[in-house]
Amino acid sequence: MRFQYRIFCVSCLVTLGAVQLSAQTYHWIHSSENDTWQQSTVRLKSEVNTLPDVSVDGKAKIATFKTWGVTFNELCWDALGVLTREEQDEILKKVFAPEGDLRIGRGRISLGANDYARSWYSCDEVEGDFELRYFNIDRDKQAIIPFIRAAQKYNPALTFWVSPWSPPSWLKINGDYPVLSSPANHLSPKLDYLLYGNVGGTTDPDEMKLVGERKGKFPRQLATTDYMIQDPRYLRTYANYFCKFIDAYKAEGIPIDMVMYQNEAYSYTPYPGCAWTAEGTILFNRDYLAPVLKKAHPEVKLYLGTLNTNRQDHVEKILSDKQLQACISGMGFQWEGREILAAIRQQHPDWSYICSESECGWGSFDWKSGEHTFELINHYLGNGCNEYNLWNFILSDEGTSTWGWKQNALIRVDSKTRTFTYTPEYFAVKHYAHYIASGSEVLAYKPEGDDKKPVLVVRTPAKKYVVIAGNFKEESQKLTVKLGKRYLEVVLAPHSMNTFEMK
């Protein structure tokens, strides 16, 4: 009798899954440049005359998605502060509340200053303080922690991870926060030679300039010198520095559950940064940071990142160290790192992978930027990332950093009129984040390709199927997705973002 009952239950579940997969009606949300978040209904078809762009049988799975994240930066807090309290609450609710637009559940925190800080600082600028007696997070209490608490009001369950842009300046070989000199900092150009050490090489002033998309090998020439001093006292102090930060934030009610050793070790920056070699990366993570975390904070996972290089052989060299492999739980990719994500994940399928930072654009705040972000999300989720982290979600005016860079954001504040607008990137993110909840299964993926038509299919924890597709060509295009035995077939408008949710 029990056996028959089990067969009946399994049969019911299979039937239910088939019914859900081929549900007749889908809610269609579509956005174009001057007409965002329009809604209609579309019915599935039993037959079509075209080959499907994507086929889903409900069984295959790419990854299970965990969460959407944003970075808490000082200039974002300043932009938010331009607005009224009512407007701030509107934005924070839409971004962080579980029932809001974006439903952000994760926060990234910079350990010390990043390029969207008001100015350079670290948590301990007292040279020779190997015991970290003068460590403090006083600067964070001025903006970052109030910013986080404002977000926690709408989502108390927010979780957090951390990465530094630069160690304290006295822990570095050039004694300063940037990697290379520029008019935006005070580093002597005479020290730029350190980047390539004895092998020689000419530093490229355009290396970090973003003019459209960077193509080819990045970086053009790998650093041959670790800017973090490779002395046991310094490395041990830096590992303890991470733990001090975790302790200090825990005392503020902000739990950190994951760290990465460096933001963009392959960006040789005029703003806070630190170049690392493969050998230095292995040594610090394997022999210092991992053991200290394991002893002081076993609840905190160590991820390798953030990897912003497409030099696969270099990344494989780091990962070839078996002891390091045993220390890390996952990897974070951003920028050019996206190009090698699929290959590295194939080699190490048991790790977790995340997009550690969405690309920032160039201060244009235009529809093209929104399309680019839409495609980025398609790429990272389609290649198995279970977490997607955004960069600045709100900025003022042209999005200019302290070091003179212009970048985009999801929300743009006009500091003169004290008004704000939701940018195209906001709607690009909303087309995904509003529907892909924690626990959703990514089932199928089609990259943008020459047809400029990225497609992603997920199944939510409520067992609803969601299809997300873009058409970034100048003309309309047909989209055909096979869902079980039925077909979603529609015509996508030119330069449109689309989400289809099963009713």
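Student: What is the mean pLDDT of the protein chain?

Tutor: The mean pLDDT of the chain is 94, and 93% of the residues reach 70 or more; pLDDT is the predictor's confidence in each residue, on a scale from 0 to 100. Over residues 1-19, though, the pLDDT is below 50, and beyond near neighbours in sequence this stretch has zero contacts in the model. Contact here means heavy atoms within 4.5 Å. This is a predicted model, in which local features need pLDDT of at least 70 and side-chain atom pairs count only at pLDDT 80 or more, while totals for chains, interfaces and linings use all residues. Residues are numbered from 1 along each chain as its sequence is written, and side-chain values use heavy atoms, leaving out hydrogens and water.

Student: Why does Leu307 count as buried?

Tutor: Buried means under 20% relative accessible area, exposed means over 50%, and partly exposed is in between, using a 1.4 Å probe and protein chains only. Leu307 has 1% relative accessibility, so Leu307 counts as buried.

Student: Which residues does Leu307 touch, and where is Leu307 found?

Tutor: Leu307 is found in strand β9, residues 301-307. Strands here are DSSP runs of E with at least two residues, helices are runs of H or I with at least four, and both are numbered from the N terminus. Leaving aside residues up to four places away in sequence, Leu307 touches Tyr266, Val315, Met331, Gly332, Phe333, Gln334 and Gly337. Strand β9 also holds Thr306, and the peptide bond from Gly305 to Thr306 is cis, with omega near 5°.

Student: Where is the cis peptide bond of Pro219, and what is omega?

Tutor: That bond joins Phe218 and Pro219, with omega about -5°. Pro219 sits in the loop between β7 (159-163) and α5 (232-251).

Student: Why does Trp37 count as buried?

Tutor: The relative accessibility of Trp37 is 15%, so Trp37 counts as buried. Trp37 lies in strand β2, residues 35-43, and has a positive phi near 55° in a residue other than glycine.

Student: Why is Lys452 partly exposed?

Tutor: Lys452 has a relative accessible area of 35%, so Lys452 is partly exposed. Lys452 is placed in the loop between β16 (441-446) and β17 (455-459), and its phi is also positive, near 55°.

Student: Why does Ala60 count as partly exposed?

Tutor: Ala60 has 46% relative accessibility, so Ala60 counts as partly exposed. Ala60 lies in the loop between β3 (54-56) and β4 (63-64). Ala60 and Ala444 are 384 residues apart in sequence, yet their C-alpha atoms are 7.9 Å apart in space.

Student: Within how many Å do the axes of helix α2 and helix α4 come?

Tutor: The axes of α2 (residues 74-81) and α4 (residues 144-152) come within 9 Å and cross at roughly 60°. Axes are lines fitted to C-alpha atoms, for helices over the stretch in contact, and angles run from 0 to 180 degrees between N-to-C directions. The contact is made by Glu74, Cys76, Trp77 and Leu80 of α2 with Ile144, Pro146, Phe147 and Ala150 of α4.

Student: Which residues of α2 are buried?

Tutor: The buried residues of α2 are Glu74, Leu75, Cys76, Ala79 and Leu80. What covers these buried residues includes β5 (67-72), α3 (85-96), α4, β13 (394-396) and β14 (411-414).
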